[in-house]
Amino acid sequence: MPGLRREEVAQLAGVSVDYYIRLERGRTQNVSETVLDAVARALQLDDTERAHLFDLALPTTARTRRKRPLAPQRVHPVLYRTLDSLTVPAVVQGRRTDVLAANRLAHALYTDFAARPRRERNFARFVFLDEAARTLYADWNQLAGDCLAMLRLYAGRHPDDPQLTELIGELSLHSDTFRRMWADHDVIAHTTGTKRLHHPLVGDLTLDYLVLAVEGDPEQTLTIYTPEPASPSAEALGLLASWTGTSATGAHAREETTDSAG
């Protein structure tokens, strides 16, 4: 809760100040779920923030014992057909904001992820390391903060993911903005919202997006972007579709079949 001192949070949570300080410093061995619940209530955490707190403080037995790397993510053929059938931009995103698949209109709207080396098909890399992203997004600072908060949420679930470590290291080395923002502790899980873009070919667009969970893989999502009907954004998107020939998306989308960072 903004404005509360440690002493006040500790009092609201029913723990000593010394104990709360140890929790802040990550010394959470043997901490109970009851205490974490009390701290979450004292800080007025939302569901996403509360889950992140538990991920950090109570690593699962499977996580602490896991030695093998995470298995590559694969996109189901039905999901590819779904991408093919959509007449609006759509992206399948996986771990670490990896872009696993997209239809041609999404590539035309953002960047041609399929043309990039597999390890570079990553949304965070695009946002922080590609100058085109800064001119594309009208609200780049907010978008960058949201992207980083999603990465931090993933890091709470998979702190031992070596590809995440590599990604964070690369972004920290090459982006002063990322390095500064990573010091914050925000986490976020988007389900819907609006993005404003300035596309180099068709100009300004305002697109609403919806994030859908993918059956069978809780770490895959399908994001669909739609304009208001009969709006200037709808006209601009239609123009982009006609210029980029998005009527046949299948062959292009199916280039991506494995974990993009693998």
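Entry 1: I looked up R96 and found it in the loop between β1 (90-93) and β2 (99-102). Strands here are DSSP runs of E with at least two residues, and helices are runs of H or I with at least four, both numbered from the N terminus. The model is predicted, so I noted that local features need pLDDT of at least 70, side-chain atom pairs count only at pLDDT 80 or more, and totals for chains, interfaces and linings use all residues. Residues are numbered from 1 along each chain as its sequence is written, and side-chain values use heavy atoms, with hydrogens and water left out.

R96 is not a glycine, yet its phi is positive, about 60 degrees. I list R96 as buried because its relative accessibility is 3%; buried means under 20% relative accessible area, exposed over 50%, and partly exposed in between (1.4 Å probe, protein chains only).

**Entry 2: T97.** I found T97 in the loop between β1 and β2 as well. Its phi is also positive, near 65 degrees, and T97 is not a glycine either. With a relative accessible area of 5%, T97 is buried.

**Entry 3: T223.** I placed T223 in strand β5, residues 217-226. T223 has a relative accessible area of 10% and is therefore buried. Leaving out residues up to four places away in sequence, I listed its contacts (heavy atoms within 4.5 Å). T223 touches P89, A90, V91, Y209, L210 and V211.

**Entry 4: helix α10.** I checked α10, residues 140-157, and counted 18 residues. From first C-alpha to last it reaches 26 Å, close to the 26 Å expected; the expected span is 1.5 Å times one less than the number of residues. Helix α10 is mostly covered, with 13 of its 18 residues buried.
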